[in-house]
Number of protein chains: 2
Amino acid sequence: MSHTLGVRQAQKLKTRRALLDAALGLLEEQSLSSLGLREVTRAVGVAPTAFYRHFHSTADLGVALVEEALGGLHPMIRTTVSEVDDSEERIARAVGLIARHVDAFPAHVRFIARERHGGVQPVREAIQEQLARFAREVRDELAKDPQSAGWSEDDLLMLAHLYVDQMLVTASLFLEAPPAPSPERERVTRLATRQLRLISIGRRHWLD
Amino acid sequence: MSHTLGVRQAQKLKTRRALLDAALGLLEEQSLSSLGLREVTRAVGVAPTAFYRHFHSTADLGVALVEEALGGLHPMIRTTVSEVDDSEERIARAVGLIARHVDAFPAHVRFIARERHGGVQPVREAIQEQLARFAREVRDELAKDPQSAGWSEDDLLMLAHLYVDQMLVTASLFLEAPPAPSPERERVTRLATRQLRLISIGRRHWLD
DNA sequence: AATTCCGGAGAACAGTTGTTAACTGCATGG
DNA sequence: CCATGCAGTTAACAACTGTTCTCCGGAATT
């Protein structure tokens with residue numbers, strides 16, 4: 001059964017969260033490779049040395065942020081893809097889901113987009129690994145679809161990568177657009193929807 | 001007529017080039033937002049203060065790098081797209097062109113991929129502007145194609161964005177893959193080719 | 001030939017960085 | 001209840017940062 005973890009360990013986790021959140025905030029206007037450990041601790045209101053109790057370095061913290069930003073998304077991806085039999089309404093639902101996720105976790109999304117090709121190798125690798133996992137999962141879901149009859153595993157993975165990359169492009173467009181109800185926002189939604197539609201059409205006629 | 005610019009201005013341009021090249025080198029393993037001006041001048045072998053004779057800041061240098069990396073690519077893009085009537089051979093040619101460009105200017109390509117969503121606003125904006133220009137130019141070329149009959153301007157622009165984004169994704173895959181003759185490399189080529197093919201198929205059946 | 005212009009050097013500034021060591025206080029397990 | 005463990009503190013370190021001001025030498029202009 002779940003042992004309501006002691007006062008001590010709870011405090012540690014709280015500080016850790018504060019460090020992660022502060023870093024995430026600071027990373028909205030800079031890259032991880034320029035994020036200083038003192039900068040983070042200062043923002044939290046804790047001594048610089050306290051940082052070492054939680055992370056070896058800022059790169060280490062970055063890897064933790066990757067896990068936090070993408071680690072929990074796998075179920076969401078799977079169910080979303082399995083729902084998509086490329087009917088118009090399902091595409092709209094997928095785009096809406098991306099939009100809402102960006103609204104809910106803008107800092108996480110920005111972090112991933114920024115560090116995917118960023119200057120910190122371990123973080124880049126962690127992100128690539130997660131994205132590759134997404135692609136394989138999408139492929140597996142696609143394989144279940146009757147529309148995938150006759151497709152090779154390789155071609156399904158190629159399509160999956162296309163979907164995953166497209167998802168990221170769309171997310172970063174939503175990030176740049178002003179939130180809530182704005183014309184920019186609508187334009188991004190329409191754009192992403194039609195792009196997904198075009199890919200779906202290509203998918204449908206792939207075996208011709 | 002062209003006035004063979006004086007000894008003085010020539011030396012200035014030479015130093016400027018050295019600064020840009022040194023920065024490009026240093027940026028292979030870090031982001032622009034962590035690039036220090038002293039770091040750059042040290043690499044060139046010049047006094048820190050000399051930097052100010054050429055750029056206001058490292059952000060300013062970054063904007064110059066964007067112009068250098070993307071500014072001269074527009075003709076190449078135009079002709080490449082106009083050649084693409086989505087025959088299989090032409091797709092292969094486009095992918096090969098991207099691969100060769102990445103081989104020829106890896107540092108520039110890395111810089112663009114990294115700073116497109118990077119931590120330095122003016123640089124991000126300069127890149128977005130160039131990419132938006134690419135998209136409009138691609139749309140214009142697509143519009144000339146008889147296959148685009150019946151397409152709205154907006155739908156053509158949506159397809160153009162898809163092509164541009166796909167080009168960047170492909171370029172960054174080539175960047176990560178080991179160079180010259182490697183199996184990784186072949187995999188990327190095959191992947192990119194098939195993704196372009198799928199998009200072409202979607203394009204062909206868009207009006208159904 | 002004399003004067004102006006200007007790219008670069010030099011030194012100094014206050015402020016920042018990561019990392020170390022030795023400490024304090026308090027929750028924890030025996 | 002006492003001894004241990006450990007999150008967080010304090011102080012100090014050498015090294016680094018961007019920026020200013022003053023100066024130099026040689027090309028450019030007149």
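Predicted model: local features only at pLDDT ≥ 70, side-chain atom pairs only at ≥ 80, totals over all residues.
**Figure 1. Overall build of chain A.** Chain A contains nine helices and zero strands, which gives the pattern α-α-α-α-α-α-α-α-α along the sequence. Along the principal axes, its C-alpha atoms fill a box of roughly 65 × 45 × 35 Å. Of the 208 residues in chain A, 36% are buried. Where contacts in chain A link residues at least 6 apart in sequence, 65% of them join residues at least 24 apart.

**Figure 2. The two domains of chain A.** The domain assignment divides chain A into domain 1 (7–55) and domain 2 (68–204). The C-alpha centres of these domains are 30 Å apart. Contact between them involves eight residues of domain 1 and 10 residues of domain 2. On the domain 1 side, the touching residues comprise four nonpolar, three polar and one charged.

**Figure 3. The interface between chain A and chain B.** Here 28 residues of chain A are in contact with 28 residues of chain B. On the side of chain A, the elements giving two or more residues are helix H6 (106–115), helix H8 (153–176) and helix H9 (183–204). This side has 10 nonpolar, 12 polar and six charged residues. The copies meet through the same surface, because 100% of the interface residues of chain A are also interface residues in chain B.

**Figure 4. Helix H9 of chain A and its surroundings.** H9(A) has 22 residues and spans 31 Å from its first C-alpha to its last, close to the 32 Å expected at 1.5 Å a residue. An α-helix has 3.6 residues a turn, so residues three or four places apart point the same way.

**Figure 5. The surface near DNA strand C.** Among the 18 residues around DNA strand C, those that come nearest are Gly6(A), Gly36(A), Thr15(B), Ala47(B) and Thr49(B). Two or more residues of this surface are given by each of H1 and helix H2 (37–44) of chain A and H1 of chain B. By class, the surface has six nonpolar, seven polar and five charged residues.

**Figure 6. The surface near DNA strand D.** DNA strand D is surrounded by 18 residues, of which the closest are Thr15(A), Ala47(A), Gly6(B), Gly36(B) and Arg38(B). The elements that give two or more residues here are helix H1 (7–26) of chain A, and helix H1 (7–26) and helix H2 (37–44) of chain B. Six nonpolar, seven polar and five charged residues make up this surface.

**Figure 7. Tyr52 of chain A.** Tyr52(A) lies in the loop between H2 and helix H3 (58–70) of chain A. Tyr52(A) is exposed, because 11 other C-beta atoms lie within 10 Å, and a residue with 12 or fewer counts as exposed. Ile127(A) is 75 residues from Tyr52(A) in sequence and 23 Å from it in space, C-alpha to C-alpha.

Key:
Residues numbered from 1 in each chain as written. Chains lettered and ligands numbered in written order. Contact = placed C-beta atoms within 7 Å. Helix = DSSP H or I, 4+ residues; strand = E, 2+ residues; numbered from the N terminus. Nonpolar A, V, L, I, M, F, W, Y, C, P; charged D, E, K, R; others polar. Near = placed C-beta within 6 Å. Domains from an automatic or database assignment. Expected span 1.5 Å × (residues − 1). Buried ≥ 20, exposed ≤ 12 C-beta atoms within 10 Å, placed from the backbone.
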